[in-house]
Amino acid sequence: MPPPITSTSTAASARSDRHAARVAAEKAEREDVTPLFSRRNERGQPPSAWFSWHASLFQPGVRVLDLACGPGRHALLAAERGADVVAVDSDASSLAVLQREAQRRRLNLKSLHMDLRTSQITPASFDIVMAFDYLDRQRFPDFCAAVKPGGYFMAETFLVTQRQQGWGPESDEHLVQPGELIRLVAPFEVLLAREVIEMIDGRPGAIASVLAVNTTAE
């Protein structure tokens, strides 16, 4: 059976990726300070409220893909609940932080360093796919296709009105229009969705969130 995620990178670039991850891990070990924990307690950055409200979905045996996971605030919590988590990001230093924390907590979590713009994901290979603060309109169909029949796609990102808040992304490439996130998960059935102003680290954030289910028959 092929792996659930494969990269189109060459063997040379794969070696380069591994080297970058190793260097980042060694640097983090020397400094013993990471972006995730330097200004917070050992629990790290708090999860999105959207994730917390639906945390009961993450159970033992559930296979989860966390897209653009960063240092892993959601991947770690999903793994703590017993889920089998694959966390993907293009930033080696963030993955080094995540992997070290996963090992410290003895969690069943695999981190992969790859470019989501080109990496291939085997269809119907995950029970839950989640994407927080990550938007790639062109690849949304591929991300949704990775969800098994009966599985869930969970996403949250900034609305275009985030520009009015004075912080965060400004490019249209990284901001969704009202109602757009629901359209991006079609033809999945949307179970819950919201577009709100929510406090994030003490600052107002204009965000869109969605939880959708793959109703395709097996």
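The exercises below, each with a worked solution, concern a predicted model.

Residues are numbered from 1 along each chain as its sequence is written. In this predicted model local features need pLDDT of at least 70 and side-chain atom pairs count only at pLDDT 80 or more, while totals for chains, interfaces and linings use all residues, and side-chain values use heavy atoms, with hydrogens and water left out.

**Exercise 1.** Work out how the rings of F158 and W167 are arranged, and what lies over the face of W167.

Solution. Start with the rule: rings of Phe, Tyr and Trp (its six-membered ring) pair if their centres lie within 6.5 Å, and planes under 30 degrees apart count as stacked, over 60 as edge-to-face and the rest as tilted. By this rule there are 7 aromatic pairs. The ring centres of F158 and W167 are 5.6 Å apart and their planes stand at 85 degrees, so this pair is edge-to-face. Next, F158 and W167 are both buried, where buried means under 20% relative accessible area, exposed over 50% and partly exposed in between (1.4 Å probe, protein chains only). Finally, R203 lies over the face of W167, 3.9 Å from the ring centre; a charge counts as over a ring if NZ of Lys or CZ of Arg is within 6 Å of the ring centre and within 35 degrees of the ring normal.

**Exercise 2.** Decide how helix 3 (73-80) is set into the structure.

Solution. The buried residues are R73, H74, A75, L76, L77, A78 and A79. They pack against helix 2 (49-53), strand 2, strand 3, helix 4 (92-105), strand 4 (109-113) and strand 6. Just after helix 3, G82 takes a positive phi of about 105 degrees.

**Exercise 3.** Find the backbone features at A68, D133 and P187.

Solution. As background, most residues other than glycine have a negative phi, and most peptide bonds are trans. A68, in the loop between strand 2 and helix 3, has a positive phi of about 50 degrees although it is not a glycine, and at 22% relative accessibility A68 counts as partly exposed. D133, in the loop between strand 6 and helix 5, likewise is not a glycine and has a positive phi of about 55 degrees; with a relative accessible area of 43%, D133 is partly exposed. The peptide bond from A186 to P187 is cis, with omega near 10 degrees, and P187 is placed in the loop between helix 6 and strand 8.

Note on methods:
Helix = DSSP H or I, 4+ residues; strand = E, 2+ residues; numbered from the N terminus. Contact = heavy atoms within 4.5 Å.
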